[in-house]
Amino acid sequence: MKLFWKQFTVIACLMVTLFAVFGSILLQTAFQSMLEREEERGLEEWKMFQFALLASMEALPEGYTIENVTMSEMSKAIEESTGTQENGIALYNEDCQLVYKNGMYYGALMAENIGTQRAMWRLTKTEDGHFLEALSRLTCKNGTYYLAFGRNIQYVYDVRDRLYEQYCNMVLFVIVLSVSVSWLLAYHFTKPIRKLVKATRDFARGNYQSRVEVKGEDELTDLMLEFNRMARRLEKSIWELEDAARRQEEFTGAFAHELKTPLTSIIGYGDMLRSMSLTEEEKRSSSDYIYQQGKRLERLSYKMMELVRVRTQGVALKPLKTRELAYEIELFTKRLLWEKNVILEKNIAAGIVFGDLDLLCSLFGNLIDNAAKACARKNYTGDERGRILFVGRQEKKGYSFTVMDNGCGIPADEVGKITEAFYMVDKSRARKEGGAGIGMTLCSRIVKLHHARWEIASNENTGTNVCVFFPEEEEEDE
């Protein structure tokens, strides 16, 4: 059974049950109260009549013979004076002969208990209705009599029956009202759950932007907030997985393409050397081309191995002095800069960074290598030469390195793509210079491993600035 129907059933049954139980208790309590008041009133009138009659009998002279007519007149007079004409009165003498009886008494109690030595009373139900009956024995100096008293209390039961009839009609009305109210309450209470179900179903069908509108401050609100938080995280994770799958596919395609060109050339020139008669010059030229393409594949394999190592292995971050690190980077790139005829200028402030020396040399070596290639591509005028400025500064919460060059720069729409594997701004020139297109991808991995962040700013024909910020050890631990 759905939660809506459970709530609907429970609320409706609870409302009807509570109304029925408390209504019945209230009616029964009211009836008992009315009945008790009527009993007290009847018994008081019985006692009052009894005392009045006994007092009248005692007032007679001693030795006076009481006739039945006298007792009848005395009873009638007392009845009129006390205002108890609506009650049934019967008076019997010691021989159980009827002395006086009014029209309201039917004599059931007297017939059963004639000659009793004590006063007694009871409630009696007959075909004519419900009665309060009482019987007492009156003894005085002039004789013994039996006083029977009866009071019709049927109207109390009639009132109860009318109330119960009205109550049954009210119960039917309450049932209809309870069904309506229960449906509205169950619909209102389960509305957030229906929203969650719909959002979850939409999310399962591929609508990763499905969210729940949050209202209120109860537990269901907390559940909806957690669902939205979970949905955002799942959406982010799914997009990351899809993006990773897309990048992996692009990487595989680009890698296959990068292998295809040199392998085709190597196979072609190798087949020509194997199957054709060539001059020494042609043999030397073919062998040089095969050697160059082989070296290119070797460089590509080294880059791939380094990229895989960085991706799969963790690093132990150790404190490194910035000036010693800069010296190692200068040695690492010295030959490259000499070949490109590019000047490297350093301005390194003393400080400490936490990292892996080999990976950081690879990081800044790739950045300086790219800067040197950018300088080599630019046509300088006059005495201008390619220059690379390597700057290190102590920041408020860490240390930053910046590699600046005055090379050809990168188009604005290409800056966001340079960290993609095998992506090259100028593919033809990059391949001639021995590039594989995965250097910046490797740099991006190294930056993440060091919990650092970097920014790349570039303008065509002006140059490129790459700033890498390394946080302090405390920030990294956080």
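This note covers the salt bridges and cysteines of a predicted model.

1. Overall count. The whole structure holds 14 salt bridges.

2. Arg 151 and Glu 38. These side chains form a salt bridge, with an N to O distance of 2.7 Å. The pair links distant parts of the chain, 113 residues apart. Arg 151 lies in strand S5 (residues 143-152), and Glu 38 in helix H1 (residues 3-58). Both Arg 151 and Glu 38 are buried. They also belong to a network of salt bridges, together with Arg 41 and Glu 45.

3. Arg 211 and Glu 235. The closest N and O atoms of this salt bridge are 2.5 Å apart. Arg 211 is partly exposed, at 29% relative accessibility. Glu 235 has a relative accessible area of 13%, so it counts as buried.

4. Lys 373 and Asp 369. The closest N and O atoms in this salt bridge are 3.5 Å apart. Both residues are in helix H8 (residues 357-377); they are four residues apart, so about one helical turn separates them. Lys 373 is buried at 13% relative accessibility. Asp 369 is buried at 17%.

5. Cysteines. The disulfide count is zero. Cys 443 has 0% relative accessibility and is therefore buried. Cys 467 is partly exposed, with a relative accessible area of 25%.

Note on methods: Residues are numbered from 1 along each chain as its sequence is written. This is a predicted model: local features need pLDDT of at least 70, side-chain atom pairs count only at pLDDT 80 or more; totals for chains, interfaces and linings use all residues. Side-chain values use heavy atoms; hydrogens and water are left out. A disulfide is a pair of cysteine sulfur atoms within 2.5 Å. Buried means under 20% relative accessible area, exposed over 50%, partly exposed in between (1.4 Å probe, protein chains only). A salt bridge is a side-chain nitrogen of Lys or Arg within 4 Å of a carboxyl oxygen of Asp or Glu. Helices (H or I, at least four residues) and strands (E, at least two) are DSSP runs, numbered from the N terminus.
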